[in-house]
Amino acid sequence: MRNLTLILLNRCQSQLSRCAFNSTVKITQNRFYSRPTSFPDYYQNPIFRKEDQAKLIENNDLSKLATTPFRPPASYETSSVYHDPIVNKVINHVMEDGKKQLARSLVEKAFENIKRIQIERYHLATTPEEKSKIILSPKDVLHKAIENCKPLLQLTPIKRGGITYQVPGPITEKRSLFLAIKWLLDAANEKDRTVHFPEQFAWELLDAANNTGKVVKRKQDLHRQCEANRAYAHYRWQ
Amino acid sequence: MFSRNLRNICRRYSQNVTFRTVEASPAQQNDNQIGLFYTMDKNLSKKLFGQGGLPKSYMKQTKTFTETSLMVRQPALDVIECIKSSDLNQPAIRYVLYGEMGTGKTLTLAHLIHYAHDDGFLIVHVPGVSQWLWKVPRLKEMSNSQTREGFVDLPLDAAAWLLHFKSQNQVLLKNEDLKISKEYVWSKRETTPAGAPLADLVEQGIARVKYACDVIDALVYEIKQLSNNNKCKTFVAVDGYNCFFYPRTRLSTPTKKVVMSEEVSLTTSFMEITKNDWKNGVIVVTVEDISVPRDHQESYLPRYLLYKKGFEHLDPFVPVKVDRYSEKEFLTCASYYRDRLWLRGPEQLESELKLASACNPYKFMELCAPL
């Protein structure tokens, strides 16, 4: 009996320390299991961020979750200070054939390039106002770039009377994030063979963060197309 | 309100770690400056390391940071102290810098070269042996030596080194006292007469690349003679010295025969100058595992890297270990990076980076890069 309680206690503690139930489900933090995992459906996604755990403790929700089963957090789901879900997402998009380490090194190299370029600009800037305008943190550059590249509308092909119309409509948050990242990577891969990916990616991110460049133009083109096709909008429900 | 102000002030002061020292002359630095950064004069760093001598990643940093700053560390201070207190009229003392990858052996050597330059030493500095013998392009310019049977010359590398030597010793080479002792005959028409200044010999090697290796051979002999005669004091610095003792090289003759490292004429020249059969000299070499191929990188200790042959060649020497950052050094380095905008973000970052990098200077720099 004593043994059993000990084991149970241990289990609860280990679960609590590693994860707890994630009440605010964010798009970027959901893990996608493409095939049945060894964990049944009632297993919850882990809460691995210290902030989220602190929130639970504050609301006294922790005791409720003590007996809930959880999936273990993946290796990239850490409570590290530099953990960033968007960065993680981008790394996963860069990845080919499951070579995550390579993908990570490429993205990090691009960040390094951004940092060097921005620091150089910072030193070249003469007035404090100019200096304050420069975003020095590469992660902030990435966030801004993605924010600037997210489309607000999308075109869906709908067949009416034998003709396929490109019908404008609203876009989900998740898809617009996907498109933004995809377009950024498309633009970065469209380069000379002599230019390395991290270099080009850095330039694309900086351009997009500045609201200029290929990707922002692509977004604006889509918006323009949607505007032009507004006459077809009623096909969405007719 | 007041307590918040106080807290802010406290925080500011706690962040404000002193990480710089204005003492830019290595000879004046002492234990109080350990862990602090000093900035090298721009022209001087260009003069000393313009042709190589600083690692590539560090050169990138100097560009980003817009300055060449070195940390004053214990090993460099120890060696400087030893050089100051030793009697130069005794046979040359050899110091071997060793340590893990990325702990700053090359930068310690750079610090020492700065000291030697300030102290008026004639500097014989080989920035990278591995670029000669191991990390070579597929088609490397090489030729059979014409003066020595069975030896291979690397004329372009030799000429590049002579240029490096010339730029490091611009001031000293103008000195009229440095004369060569005997006549050198290069070909029927080209000779360097006895009593010509040392600079002539160097110029000859740069102008006639074909003879560059022989010039280096002669130069080594002359430098030893001059030092023995108290005409000058010499500081020899070789980076990646153990590469000379790794048996093979990646060079091969036109007949596809792999060249052994002792068959390269540059090897013999620099082996000659690292002997201790001369005085008025200081010899500092580094042994590093990354300058030899993967199959011989199991340990960073000198006996393993130098093999028995190299160890006996250098014996007796003073081993100087270059270690990872100490607590204090790590802190000053982090605040230096923060000052140079290289490291940004919350305070907890540092403790995490400290664990992730295990206080290894190079790894720390690398880990900071994408943040």
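Me: Is the crossing in which α4(A) passes α5(A) left-handed or right-handed?
Reply: First off, this is a predicted model: local features need pLDDT of at least 70 and side-chain atom pairs count only at pLDDT 80 or more, while totals for chains, interfaces and linings use all residues. Residues are numbered from 1 along each chain as its sequence is written, with chains lettered from A and ligands numbered from 1 in the order in which they are written. The near helix turned clockwise from the far one by less than a right angle makes a crossing right-handed, anticlockwise left-handed. On that test, α4(A) passes α5(A) in a crossing that is right-handed.

Me: How many nonpolar residues does the contact of α4(A) with α5(A) have?
Reply: On the α4(A) side you've got V87(A), V90(A), I91(A) and V94(A), and they meet K100(A), A103(A), R104(A), L106(A) and V107(A) in α5(A) (contact is C-beta atoms, placed from the backbone, within 7 Å). By class (Ala, Val, Leu, Ile, Met, Phe, Trp, Tyr, Cys and Pro are nonpolar, Asp, Glu, Lys and Arg charged, others including Gly polar), there are 2 charged residues, no polar ones, and the nonpolar count is 7.

Me: How far apart are the axes of α8 and α9 in chain A?
Reply: α8(A) passes α9(A) in a right-handed crossing, and the two are oblique to each other. Helix α8 (residues 173-189) packs on helix α9 (residues 197-209) at an angle of about 130°, with an axis separation of 8 Å.

Me: Which residues of α8(A) meet α9(A)?
Reply: Over on α9(A), the partners are F197(A), Q200(A), F201(A), E204(A), L205(A) and A208(A). By class, the contact has 7 nonpolar, 1 polar and 1 charged residues. From α8(A), the residues taking part are L184(A), A187(A) and A188(A).

Me: Which helix gives the most to the side of chain B that touches chain A?
Reply: The contact takes 12 residues from chain B and 15 from chain A. On the chain B side these divide into 6 nonpolar, 4 polar and 2 charged. Giving the most there, with 3 residues from its 348-357 stretch, is helix α14.

Me: What share of the residues of chain B counts as buried?
Reply: Chain B has 15 helices and 13 strands, and its C-alpha trace spans about 90 × 45 × 35 Å along the principal axes. Buried takes 20 or more other C-beta atoms within 10 Å of a residue's own, exposed 12 or fewer, partly exposed lies in between, and C-beta atoms are placed from the backbone. Of the 371 residues, the buried share is 42%.

Me: Which residues does D323(B) touch, leaving out those up to four places away in sequence?
Reply: D323(B) sits in the loop between β13 (318-321) and α13 (327-339) of chain B. With 16 other C-beta atoms within 10 Å, D323(B) is partly exposed. Its C-alpha lies 9.5 Å from that of C359(B), 36 residues apart in sequence. The residues touched are G99(B) and T103(B).

Technical notes. Axes fitted to C-alpha atoms, helices over the stretch in contact; angles between N-to-C directions. Helix = DSSP H or I, 4+ residues; strand = E, 2+ residues; numbered from the N terminus. Parallel < 35°, antiparallel > 145°, perpendicular 65-115°, else oblique. Contact = placed C-beta atoms within 7 Å.
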